[in-house]
Amino acid sequence: MSNAEKKNKVNQLFTLFQAGEWDESASLFSDDARITRQYGDRITTNTVTEFIHSLKSGPLAKVGIPEYRDRKVSLLEEGGFVERHKTRLTIKDQLIEIPVCIIGTFNMEGKISTLEEYLDPSPIIKVLTRS
């Protein structure tokens with residue numbers, strides 16, 4: 001898979017995420033893909049099915065679809081990528097922007113085989129815990 005195709009696949013993934021097209025995004029992952037999310041000290045690893053389910057019905061699903069701003073994609077020589085952006089959400093009428101770093105790898109068929117998401121959830125927690 002060429003670098004242009006890899007970059008296109010990463011862009012397609014985030015376009016689908018931003019549109020809330022969760023089920024469609026699953027087709028970009030390999031069947032055995034693992035998604036790891038580290039939000040502060042909390043780390044979870046999921047299958048694609050579990051990950052999509054959490055996006056559709058997890059706690060953040062109630063606050064709306066995220067907007068990704070200032071996206072930067074870097075391809076890695078080993079067949080992976082780093083994607084950095086700011087996730088913008090409106091929670092309880094307050095606009096929040098959170099820096100996020102995503103690291104992923106592709107398998108030989110060009111499917112995403114790992115995805116790691118790193119972010120500090122404290123801005124979200126702060127808004128959600130206010131009375």
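1. A quick word on terms: pLDDT is the predictor's confidence in each residue, on a scale from 0 to 100. Helices (H or I, at least four residues) and strands (E, at least two) are DSSP runs, numbered from the N terminus. Among the elements of the protein chain, strand S6 (residues 112–119) has the highest mean pLDDT, 94, and helix H4 (residues 122–129) the lowest, 82.

2. This is a predicted model, in which local features need pLDDT of at least 70 and side-chain atom pairs count only at pLDDT 80 or more, while totals for chains, interfaces and linings use all residues. Residues are numbered from 1 along each chain as its sequence is written, and side-chain values use heavy atoms, with hydrogens and water left out. The protein chain averages a pLDDT of 88, and 95% of the residues score at least 70. Where pLDDT is low, the predicted coordinates should not be read in detail.

3. Have a look at arginine 37, in strand S1 (residues 29–39). Arginine 37 is buried (under 20% relative accessible area, with a 1.4 Å probe and protein chains only; exposed is over 50%, partly exposed in between).

4. What does the side chain of arginine 37 make a polar contact with? One partner is the side chain of asparagine 46, at 3.1 Å, and another is the side chain of serine 54, at 3.0 Å. A polar contact here is a pair of N or O atoms within 3.5 Å; within protein, one must be able to donate a hydrogen and the other to accept it, and residues adjacent in sequence count only if both atoms are side-chain atoms. Leaving aside neighbours within four places in sequence, arginine 37 is in contact (heavy atoms within 4.5 Å) with residues including Arg42, Ile43, Thr44 and Phe51.

5. On to helix H3 (residues 48–57). Its buried residues are Val48, Phe51, Ile52 and Leu55. Seen down the axis of H3, they fall within an arc of 95 degrees (taken from the directions from the helix axis to the C-beta atoms), so they line one face of the helix. The buried residues of H3 pack against H1, H2, S1 and strand S2 (42–46). Exposed Thr49 and His53 sit on the face of H3 turned away from its buried side.

6. The whole structure holds 6 salt bridges. In one of them, the side chains of aspartate 23 and lysine 56 meet at 3.1 Å, N to O. That pair links distant parts of the chain, 33 residues apart: aspartate 23 lies in helix H2 (residues 22–25) and lysine 56 in H3. Aspartate 23 is partly exposed at 48% relative accessible area, and lysine 56 is partly exposed at 45%.

7. The side chains of arginine 69 and glutamate 67 also meet in a salt bridge, at 3.0 Å, N to O. For glutamate 97 and arginine 88, the salt bridge is 2.7 Å, N to O. Salt bridges that share partners join Glu67, Arg69, Arg88 and Glu97 into one network. Its members are partly exposed: arginine 69 at 30%, glutamate 67 at 32%, glutamate 97 at 34% and arginine 88 at 22%.

Conventions:
Lys and Arg count as positive and Asp and Glu as negative; His and the chain ends are not counted. A salt bridge is a side-chain nitrogen of Lys or Arg within 4 Å of a carboxyl oxygen of Asp or Glu.
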